[in-house]
Structure formats: C-alpha cells, structure tokens
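Please read this note with the model open.

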Amino acid sequence: FCGCSLCSTCISLIVLGLSVTMLRYTLNAVDHCDPASPNIDKCPSDWQKMLCPGRTEKACFAQLHDEVRHAWIIIVTFAVLFLMDCVSFVFGAQLWNLLMKGPT
C-alpha cells in the first residue's frame, strides 16, 4: 500500500510540474504573441506549432486566450491530488507500522 501511494505521489508531482511548465509557456504566448501586436522579443517563434498545430495564428491565439483561465483549475486539481497522495502515503505508512507490530 505504501509503495503504491509513493508511486502515485511521485507521478502526481511529475504531472503537476509538467502542467505548470506548460501553463507558463501558454501564458507567455498569450501575453506576448497577440497577432494584432506581437512582442517579438518575448514571443517564442514556435508557439503556434507547439500549442495548436494546423490552426491559423489568430484562431490559435483566440483559443488560448479563452482557455488559459481553465488551466488554473487543472493546476489546482493536480495540487490537491498531490496533497491527498502525500496524506495517503503517511497514513499508509502508519498503518503498515501498526500491522508489523502485531497485536499488543
């Protein structure tokens, strides 16, 4: 039980880190890559190909601008899941220790 909780906690941490990294990249694109007035110095050159391939730059930016606020919900959800995994690991370790002691 403890091993599964530990694996789940590690995976949750990795997913949380990747989600935050992707959100930061997307926020950078939304902040600096508006097709109407792009900030060439801060706008990554491959943002459109990476975030929404096959769409026009204008359509991609509009989609990202509308959906970026929903990404925070995903980040918060993963953070809560990570905390729950940590708590599960701690309680699982306590249970394991009690079971290994045997009846007193």
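1. His32 lies in helix α1, residues 2-32 (helices are DSSP runs of H or I, at least four residues, numbered from the N terminus). Residues are numbered from 1 along each chain as its sequence is written. This is a predicted model, in which local features need pLDDT of at least 70, side-chain atom pairs count only at pLDDT 80 or more, and totals for chains, interfaces and linings use all residues, while side-chain values use heavy atoms, without hydrogens and water.

2. His32 is buried, at a relative accessible area of 18% (buried means under 20%, with a 1.4 Å probe and protein chains only). Not counting residues up to four places away in sequence, His32 touches Pro38, Asn39, Lys42 and Cys43 (contact means heavy atoms within 4.5 Å).

3. The largest nonpolar core has 11 residues, among them Tyr25, Cys33, Cys43, Trp47 and Phe61 (a core is a set of buried Ala, Val, Leu, Ile, Met, Phe, Trp, Tyr and Cys residues joined through side-chain atoms within 4.5 Å). At least two residues of this core come from each of α1, α2 (47-51) and α3 (57-101). A second, separate core of five residues includes Leu16, Val68, Ala71 and Ile75.

4. Cys33 touches Asn28, Cys43, Pro44, Trp47 and Phe61, again not counting residues up to four places away in sequence.

5. Residues lining the largest pocket include Leu18, Met22, Glu67 and Ile74 (a pocket is an open set of points on a 1 Å grid over the protein atoms alone where a 1.4 Å probe fits, with protein on both sides within 12 Å along at least five of seven lines; lining residues have an atom within 4 Å of a point). α3 gives the most to this lining, with six residues.

Conventions: Buried means under 20% relative accessible area, exposed over 50%, partly exposed in between (1.4 Å probe, protein chains only).
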